[in-house]
Amino acid sequence: MMIRVLLAAALAALAAPALAQRLAADLDCKPTKQALVYDCRIALKESGSGKPVSGAEVSVGADMPSMPMAHNVRPAKAAPTKQPGEYAARIELEMHGEWAVKLRVGGPVRDQLILHYEFDEKGAKRAMRGAGHGPHGAKHQ
Amino acid sequence: MLVDLLQNTLDGLMLGSAYALLALGFTLIFGVLRRANLAYGPAIMLGAYAATWVHLQFHAGFLVLAAVTIAGAALAGAYVERLCFAPHARRGRGAGDAGAIASMVGSFALWMQLEEAATLWLPKHLYSFPPLYDGPPLALGPVTLRVEYLAMLAAAALACLGLRRMLARTRFGLAVRAVVDQADAARLAGINVPRVFMLVFAIASALGGLAGYLIVAAHEQVTPMLGMWSTLKGMIAMMLGGLGSLPGAVVGGLALGLIEAHTQWLFGPQYRDLIAYLILFALLATRPSGLWALFRRSDAPAQ
Amino acid sequence: MDEYTLGVLTNMGLFSFLALSAYLLLVAGEMSFGQQAFFGVGAYAAGIGTAMWGLPLPLAVLFAMAAGAAAAWLVGLPTLRLRGLYFAMATLAAAEMFRILFELFHYQRTIDGALVGPDGTQGFRGIRWVLERGIEQESFLALVWALVGVVLVALAALERTRLGATLRMVGEDPELAAVLGVNVGRVKLAVAAAAGALAALGGALYAHHNTYVEPRNFDIMLGVHGLAYSLIGGLGTALGPLLGVAIDIGLLESTRIFQQYRMIVFGGLVAVLLIFRPRGLLDEVVVNRIAGALRHRRTT
C-alpha cells in the first residue's frame, strides 16, 4: 500500500500543477458564553477579483505561531450562510493570544489560507505583525 | 551625541542591573548545586502573578506586593527543588553527569507546568502593574534616571555583597563553601547537604522574586512572556560573566545591559538581540570562563 | 480518517524528525538547545526551492538537508570543545541568531502575479507545491511516516555497525574513546551535520504541509520540546524520541480531558518520571533487556 501511495504521489508530482486557486478571506469572530469558544464568520473571496466564493467546503483550524504542531485545535467544518461567499464555524481555542487560523478550502475550489488573528475575551482582530523583543513580547522595553 | 552616549550607557547600566539581579539567583543555584534551573524564570513569574492578583483584589501597597512576589517565587522555587533537584542530587557526578541532565530536563518540565498554571490563573495577555515610584524619572542635567532601576542597581550591589559576606562570615556560608568544594567530604563532616541545597535554592528564588518585582514595577506591566525572558537573561548574563561566580553574575548582567542599550540605539531591537547572542556565542567559543575570569585569573572556571 | 486525526498524526511525524535530531546528538554526548534552527533552515530552503526556483519537492528536500547539514557544521565547528551547559548555551545562542536572521531575511519574486518568498517577520507564504498538485492529506501523511521509517531503519542499522558503537562510546566516555584512537572531534562534527540534515528534513516537510512558515515557528520552545521528547522517551533506541512525541502530542494533546491542563500534566509526569528513569523510558538498560529477551526467544 505504501508503494502505491508513493507512486501516486510521484506521478502527481510530475503531473501539471495548479489544482489550487488563490483565495483571500476575512474573519469575524465573536465570543460565546463559553470561554475560548468563538463563533466565526468567514468571508471567502477570490484573491484578485474579490468575487465571493460560494459552494466550497471550508474547515477551520488553528495553530500558535510560537509552538507549531503542538497545539492541536480540532478543525471545525464551516457551514455556508445565506450570504454568498460567507461561512460560519464555531472554534475552540486553548488560550488567548495570537493564532494562525488555517482555512482548508475544498470542493470546486481548493486552497489553504493562513490568517493571523489576535483572540481575546472580546473576539478576534487581525494581528499586527512583527515579533516582540522585550520581556513582554512586543513594543518597548 | 555625547549626551546620547551617556544616556545609553546609563540606560544600559540600569537595564543591566535587572539582568544582574536575575543572574545572581541563577548563578547561586548553578554555583552551589552545579545544576541549571530552567524553571527559574517561571517561578519568578508565578510570584509576579501572585502579586498581580493581590493588586487586582486588594490594591495593596508596594511593600506587600514585593513581599508577595518574593514569597511566591521562593515557594515555587522550593517546589521545583523538591521535585527536580533533590532526587537527583546524588546521581553520577562523572563525565556524563546524568543527574545534571535529569535535573535540567525536570526543571524544563516544571517550567512548562508553572507557565501553564500561571496563564490558567490569570489568562489575559497583559496586566498593568503599579510602579514602585509614582513620579517622573529623575533628571540629572541632560540625562534621566528611573527610580526603579536605581533600586535594582542598589539591590544587585547589596545582594552581591550580602551573599559574599554570608559565604565568608557565617556558619551557613562555611557549610555552603564546603559543599561547593567537596560535597562528599562535607557530608562526611556532618553537614546536612540536602538542607544546604534547599536553603541555597530558596535564597536564589527569593532573589529572583525581588528581581521580578522590581522588573514588573519598572515596566508597569506583567505578561506571560516574563518566565522565559527572565530565565534567558539570567542564563546569558551568568554565562557572560562566568559560570558560578557571583561578582561575575553582576558583571555579566551589567555588560549585557550595556551591550543591549548601545546596539539598540545604533541598530534597532533585532540587531540588539543578534549582537548580544553573537557576543555570547563568540565568548563561549573562545573564552568559556566568561568576562569576570578575564580580570581575575585566580578564579578557576566552574565546571 | 478525519481531518483532526490526520493533522495530529502528521504533526507527530514532523516533530519526530526534530526529536530524532536531538537524540542523535544526545547519544554522542551533547545536549543541544538549538536543533530548531536547522528545522527552520530546512523549511526555508525547501520552500525557496519549490516556490521560487521551481524545483520538484524531492530535489528541494535534498537541498534543504544539505543546507541543514552545512548550517549544523558551521555551528558545530566553533563549539567542538564545549561540554555540558556551555555547549547547550552556545547552541541556544546560535539558534536564536538563526531565528533573528530569518526575521531580517527578505527575498521575494513575483510568480504568477503574486509576491512569493520570505519577507522577514511577515514570514514566508505561498509554499504551495503540495497543495497545487492535489496531494491529499492522507498521501502526505504516508510520505512523512515513510520517511520517518527510512530514518529509523538507517539509525537501527547504524547501531549495529562499528560507527554506531563508536558514537555511543564518544557519548559515554570521550576520554576513553580518544585513548582508543577515535577522532572525537571528527565524529562529533559528523553527527552534528547528520542531526542538522535530519532536522532540516522535518522542516522541509513541515513547510510544505503548512504552506507558510515564519521565524517565530522556530524559537526555543520548539527545540526544547524536541530535546525533552528524546530525553523522556529514552536514549537507548531511536524509538525513544518517537515515544516521547507520542506521549505528548499523541496522547495528552489530543485527549479532551487533558487538553486544558496538558502542560501541567505532562510537566508533572516528566518530572516524576525522571526521578525513577533519569535516562528516559526506553533507556539503554531497558533496551538491552528487551534485546536480550528477544534473542533468547529466538534461540530456544
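Two strands count as a pair if DSSP finds at least two bridges between them. With that in hand, we can start with a hairpin: β6(A) and β7(A) have 4 residues between the strands, and within this hairpin A:G107 takes a positive phi near 95°. Please keep in mind throughout that this is a predicted model.

## The sheet of chain A

Strand β3 (residues 57-63) of chain A is joined to β6(A) by 7 bridges in the antiparallel sense, and here A:D63 stands opposite A:A100 of β6(A). Then β7(A) and β8(A) run antiparallel and are joined by 4 bridges; A:E118 has A:K125 in β8(A) as its bridge partner.

## A buried glycine in a loop

Staying in chain A, have a look at A:G85, which sits in the loop between β4 (76-80) and β5 (86-92) of chain A. Is A:G85 buried or exposed? A:G85 is buried: 20 other C-beta atoms lie within 10 Å, and a residue counts as buried if there are 20 or more.

Which residues does A:G85 contact, once its neighbours within four places in sequence are left aside? They are A:A43, A:L44, A:K45, A:P52, A:V53 and A:S54. For A:L44, the C-alpha to C-alpha distance to A:G85 is 5.2 Å, although the two are 41 residues apart in sequence.

## Chain B and a pair of its helices

Chain B has 12 helices and 4 strands. Its radius of gyration is 19 Å, close to the 19 Å that the globule rule gives for 303 residues, so chain B is as compact as a globular protein of that length. Along the principal axes, the C-alpha atoms of chain B fill a box of roughly 60 × 45 × 35 Å. Of the 303 residues in chain B, 56% are buried. Among contacts in chain B with a separation of 6 or more, 75% are between residues 24 or more positions apart.

Two packed helices are described by the angle between their axes and the distance between the axes. In chain B, the axes of helix α1 (residues 2-33) and helix α8 (residues 193-219) come within 8 Å and cross at roughly 170°. That makes α1(B) roughly antiparallel to α8(B), because angles over 145 degrees count as such. On the α1(B) side the contact includes B:A18, B:L21, B:L22 and B:G25, while α8(B) brings residues including B:F197, B:V200, B:F201 and B:S205. Taken together, the residues of this contact divide into 18 nonpolar, 3 polar and no charged.

## Where chain C meets chain B

The two chains touch through 31 residues of chain C and 33 residues of chain B. On the chain C side, the elements giving two or more residues are α4 (84-104), α10 (220-233) and α13 (262-276) of chain C. Which of them gives the most? That is α4(C), with 11 residues. By type, the chain C side that touches chain B divides into 23 nonpolar, 3 polar and 5 charged residues.

## A three-stranded sheet in chain C

Chain C also holds an open sheet of 3 strands, in the order β1-β2-β3, with antiparallel pairing. Its edge strands are β1 (109-111) and β3 (124-125) of chain C, each pairing on one side only. Strand β2 (residues 114-118) of chain C pairs antiparallel with β3(C) over 2 bridges, and C:P118 stands opposite C:F124 in β3(C).

To finish the picture, helix α2 (residues 35-52) of chain C lies across β1, β2 and β3 of chain C and runs at about 155° to β2(C).

Terms used. Residues numbered from 1 in each chain as written. Chains lettered and ligands numbered in written order. Predicted model: local features only at pLDDT ≥ 70, side-chain atom pairs only at ≥ 80, totals over all residues. Contact = placed C-beta atoms within 7 Å. Axes fitted to C-alpha atoms, helices over the stretch in contact; angles between N-to-C directions. Parallel < 35°, antiparallel > 145°, perpendicular 65-115°, else oblique. Nonpolar A, V, L, I, M, F, W, Y, C, P; charged D, E, K, R; others polar. Rg over C-alpha atoms; globule rule 2.2 N^0.38 Å. Buried ≥ 20, exposed ≤ 12 C-beta atoms within 10 Å, placed from the backbone.
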